[in-house]
Protein chains: 2
Amino acid sequence: MRIGELAARSGVTAKTIRFWEATGLLADPDRTPSGYRDYEPEAVDRLEFIRHAQTAGLTLAEIRQVLAISDEGNPPCHHVTELIHLRLTDLDRRIRDLTATRQRLRHLAERAAIQDPAACAGYCVILRPGATTS
Amino acid sequence: MRIGELAARSGVTAKTIRFWEATGLLADPDRTPSGYRDYEPEAVDRLEFIRHAQTAGLTLAEIRQVLAISDEGNPPCHHVTELIHLRLTDLDRRIRDLTATRQRLRHLAERAAIQDPAACAGYCVILRPGATTS
DNA sequence: ATAAACCTTCCACCACACGGGAAGGTCAAG
DNA sequence: CTTGACCTTCCCGTGTGGTGGAAGGTTTAT
């Protein structure tokens with residue numbers, strides 16, 4: 001199967017397939033005599049696996065690691081488990097950060113609601129330094 | 001005052017000051033006869049304002065808009081208020097997305113805990129497609 | 001025979017907010 | 001007079017996950 005068909009079957013664009021290959025997520029495929037990439041049907045599974053791992057929040061770098069272990073014939077479960085916990089910790093931190101920013105913004109929104117626009121001389125009163133440090 | 005002193009006073013690196021100038025957040029400053037940037041003391045306020053707006057979660061593009069309105073002598077409060085609400089909406093969506101991803105990861109972590117590593121033939125069972133679609 | 005659809009490589013670019021470092025000019029102190 | 005700190009512009013690199021397009025070769029259908 002050529003790259004176009006693989007793209008159609010997997011829902012991953014040909015561009016992205018080449019990109020994944022170039023960045024080490026996919027092995028170099030066989031080539032037809034004229035140089036076209038020639039895939040086995042199993043390639044679809046690998047693409048779906050990558051997409052799936054992505055939606056689980058893993059980065060391509062992490063997926064690459066998992067696949068490398070897998071490709072060496074080792075069960076990657078232990079590594080995957082570690083990765084998942086790392087990701088969870090990271091995610092929690094990011095959510096905390098965003099929530100803190102959200103708090104600051106809500107604070108500003110409240111200020112904005114009671115502020116007289118005419119009072120905005122110089123730099124805007126709403127955003128003026130000191131507004132959220134108190 | 002030259003750029004080094006401004007940097008020291010504001011806590012913004014000279015590199016960043018030049019970057020902000022190049023991207024339209026700061027007006028072109030006066031120059032000494034030898035070509036050095038020469039700032040008014042008020043420049044510190046502007047830098048602090050930008051940093052402050054940044055920690056409130058606004059992007060440089062948004063801050064640029066606010067400053068442009070401000071620089072034209074108009075009170076930017078209305079625009080700022082809109083911006084804040086836009087950011088809040090955006091932030092809420094991002095937090096929701098991350099939380100959903102977190103849920104998926106927790107699901108996977110549970111699967112991982114009860115999984116026999118030896119069962120990881122082919123692609124890892126934990127991450128195998130279908131694992132989180134149920 | 002020829003047009004359309006498909007494939008190849010390579011190079012560039014998107015957002016985002018800078019940082020590193022080269023090559024050179026300027027200024028104050030010792 | 002020279003050393004060192006400071007300044008200038010300029011270009012490249014960072015990380016993430018790709019997308020767009022040019023220039024050219026191949027296959028397939030009519």
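**Notebook: helix packing and DNA surfaces**

I began with two helices of chain A: α1(A) and helix α3 (residues 43-55) pack at an angle of about 50°, with their axes 10 Å apart. Axes here are lines fitted to C-alpha atoms, for helices over the stretch in contact, and angles run from 0 to 180 degrees between N-to-C directions. That makes α1(A) oblique to α3(A); angles under 35 degrees count as roughly parallel, over 145 as roughly antiparallel, 65 to 115 as roughly perpendicular and the rest as oblique.

Next I looked up who touches whom. From α1(A), I found A:L6, A:R9 and A:S10 meeting A:A43, A:V44, A:L47 and A:E48 of α3(A). Contact means C-beta atoms, placed from the backbone, within 7 Å. By class, this contact has 4 nonpolar, 1 polar and 2 charged residues. Ala, Val, Leu, Ile, Met, Phe, Trp, Tyr, Cys and Pro count as nonpolar, Asp, Glu, Lys and Arg as charged, and the others, Gly among them, as polar.

A note on the source: this is a predicted model, where local features need pLDDT of at least 70, side-chain atom pairs count only at pLDDT 80 or more, and totals for chains, interfaces and linings use all residues. Residues are numbered from 1 along each chain as its sequence is written, while chains are lettered from A and ligands numbered from 1 in the order in which they are written.

Then I stepped back to chain A, which has 5 helices and 2 strands in the order α-α-β-β-α-α-α. Helices (H or I, at least four residues) and strands (E, at least two) are DSSP runs, numbered from the N terminus.

I picked out A:R37, which I found in strand β2 (residues 37-38). Is A:R37 buried or exposed? A:R37 is buried, with 20 other C-beta atoms within 10 Å (buried takes 20 or more, exposed 12 or fewer, partly exposed in between, with C-beta atoms placed from the backbone). Beyond its neighbours within four places in sequence, A:R37 is in contact with A:R2, A:I3, A:P29 and A:R31.

Finally I turned to the DNA. Near means a C-beta atom, placed from the backbone, within 6 Å of the strand.

Around DNA strand D I found 20 residues, with A:S34, A:L60, B:R2, B:G4 and B:R37 the closest. This surface has 7 nonpolar, 8 polar and 5 charged residues.

Note on methods
Two residues are in contact if their C-beta atoms, placed from the backbone, lie within 7 Å.
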